[in-house]
Amino acid sequence: MEINDYIRKERLPFIWCPGCGNGTILKAILTAIEDLDYSNDDVILVSGIGCSSRAPMYTTFDNVHSLHGRAIPLATAIKLARPSKKVIVITGDGDSLAIGGNHLIHAARRNVDLTVIIFNNSIYGMTGGQISPLTPLNKKGTTAQFGNIENTFDTMKLLDGAGATYIARSGTYFFPQTVKYIKAGIIHEGFSVIEVVTQCPVYYGRFNKEKSPGEMLLWQKENMVSFDKAKNLTEDELLNKRIFGEFVNIEKESFIQKRSKLIERVMSDENRG
Ligand SMILES: Cc1ncc(C[n+]2csc(CCOP(=O)(O)OP(=O)(O)O)c2C)c(N)n1
Ligand code: SF4
């Protein structure tokens with residue numbers, strides 16, 4: 001299938017504002033799925049609530065637009081019921097790390113076979129620019145008009161600590177890398193998360209005087225440092241930079257694999273007496 005075959009054309013135009021990065025990430029997801037040669041029946045997209053969570057509705061896959069923060073438990077249930085399907089969660093930084101943060105860390109701990117794509121625009125877009133757990137220190141939002149005084153999560157460190165077996169960060173400026181990490185995440189057996197830094201010019205950009213979507217993309221070009229390059233930089237040199245690349249890519253028995261073994265054991269003649 002080709003990328004256009006995955007687009008639900010009757011749902012167009014997108015609700016997204018001009019210059020929003022969400023369309024770029026959706027294209028990266030569909031390019032990855034096209035490269036992997038999956039059909040409509042192979043993939044299920046599950047999202048929460050937010051501008052980013054609208055993405056599945058523009059696709060022809062079976063998809064569920066669920067509740068704010070609750071996409072991961074729903075996706076887990078779908079994966080358990082249909083283990084042969086590739087279940088992909090589409091979520092915002094608020095959806096996944098604020099209200100949905102607990103689900104994210106426990107899915108990582110269990111190594112559930114899901115791929116989670118975090119659209120990180122550093123803000124709550126849909127509800128008007130409130131700060132999220134990924135709004136950088138001192139940056140502004142409607143709930144932090146004099147600058148954010150809260151520290152942010154480092155999603156990569158958080159998920160590494162929680163047990164995720166594939167984690168990567170990219171940005172809308174780095175399209176080929178984004179596709180590459182999404183593909184790697186989808187074929188990975190276990191819990192995979194790809195955080196994609198993206199631009200919300202309407203709320204994040206406007207409040208923070210980042211004038212245009214183009215300038216926001218150039219910010220990524222100049223301030224996102226590759227994982228390998230970052231190893232040779234000091235903490236001071238890395239201040240205010242974001243590192244992109246694959247942070248973790250390990251093999252570990254996944255939740256579905258363990259569950260299959262458990263079912264086999266429980267159903268064995270020995271246990272059934
Ligand atoms: C239980 C619940 N709480 C709050 C909301 C309101 N709400 C909808 S979207 C959203 C935040 C969206 O931000 P994010 O997840 O970062 O996605 P974005 O819109 O930036 O893509 C909030 C707070 C809701 N719909 N449901
Ligand atoms: S509010 Fe921001 S994240 Fe939402 S569609 Fe507009 S630019 Fe995109």
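Are Lys231 and Asp228 buried or exposed? I looked this pair up first. Both Lys231 and Asp228 are exposed. Their side chains meet in a salt bridge, with N to O at 3.4 Å. I note here that the model is predicted.

**Entry: salt bridges**

I searched the whole structure for salt bridges and found six. I then took up Lys183 and Asp35, which form a salt bridge with their closest N and O atoms 3.2 Å apart. Lys183 sits in helix α6 (residues 175-187) and Asp35 in helix α1 (residues 22-35), so this pair ties together parts that are 148 residues apart in sequence. I checked the exposure of each partner. Lys183 has a relative accessible area of 27% and is therefore partly exposed. Asp35 is also partly exposed, because its relative accessible area is 42%, and the class runs between 20% and 50%.

Next I looked at Arg169 and Asp154. Their side chains meet in a salt bridge of 3.2 Å, N to O. Arg169 belongs to strand β5 (residues 166-171), while Asp154 is in the loop between β4 (115-120) and α5 (155-162), so the pair ties together parts that are 15 residues apart in sequence. Why does Arg169 count as buried? Its relative accessible area is 7%, and buried means under 20%. Asp154 has 31% relative accessibility and counts as partly exposed.

I also asked which residues are linked with Arg169 in a network of salt bridges. Asp154, Arg169 and Glu195 make up that network.

**Entry: helix α5**

I went on to helix α5 and listed its buried residues. Thr155, Met156, Leu159 and Ala162 are buried there. They span an arc of only 135° around the axis, which means that they lie on the same side of α5. I then looked at the face turned away from that buried side, and found that it carries the exposed residues Lys157 and Gly161.

**Entry: ligand 1**

How many residues surround ligand 1? I get 16, and the closest are Cys51, Ser52, Gly94, Asp95 and Gly125. Helix α3 (residues 93-99) gives the most to this shell, with four residues. Sorted by class, the shell holds six nonpolar, eight polar and two charged residues.

In the side chain of Ser52, an N or O atom is 2.7 Å from an oxygen atom of ligand 1. A polar backbone atom of Cys51 is 2.8 Å from an oxygen atom of the ligand. At Met126 I found a backbone N or O atom 2.9 Å from an oxygen atom of ligand 1. I also looked up how much of the ligand is covered. Ligand 1 taken alone exposes 590 Å², and the protein buries 73% of that.

**Entry: ligand 2**

Which residues are around ligand 2? I list Trp16, Cys17, Cys20, Cys51, Asn121, Gly125, Cys200, Pro201 and Tyr203. By class, I count seven nonpolar and two polar residues in this shell, and no charged ones.

How values were computed. Residues numbered from 1 in each chain as written. Chains lettered and ligands numbered in written order. Predicted model: local features only at pLDDT ≥ 70, side-chain atom pairs only at ≥ 80, totals over all residues. Heavy atoms only, no water. Near = heavy atom within 4 Å. Polar contact = N/O pair within 3.5 Å; in protein donor to acceptor, adjacent residues only side chain to side chain. Areas by Shrake-Rupley, 256 points an atom, 1.4 Å probe, with all protein chains shown as cover. Helix = DSSP H or I, 4+ residues; strand = E, 2+ residues; numbered from the N terminus. Nonpolar A, V, L, I, M, F, W, Y, C, P; charged D, E, K, R; others polar. Salt bridge = Lys/Arg side-chain N within 4 Å of Asp/Glu carboxyl O. Buried < 20%, exposed > 50% of the residue type's maximum accessible area, 1.4 Å probe, protein only. Arc of directions from axis to C-beta.
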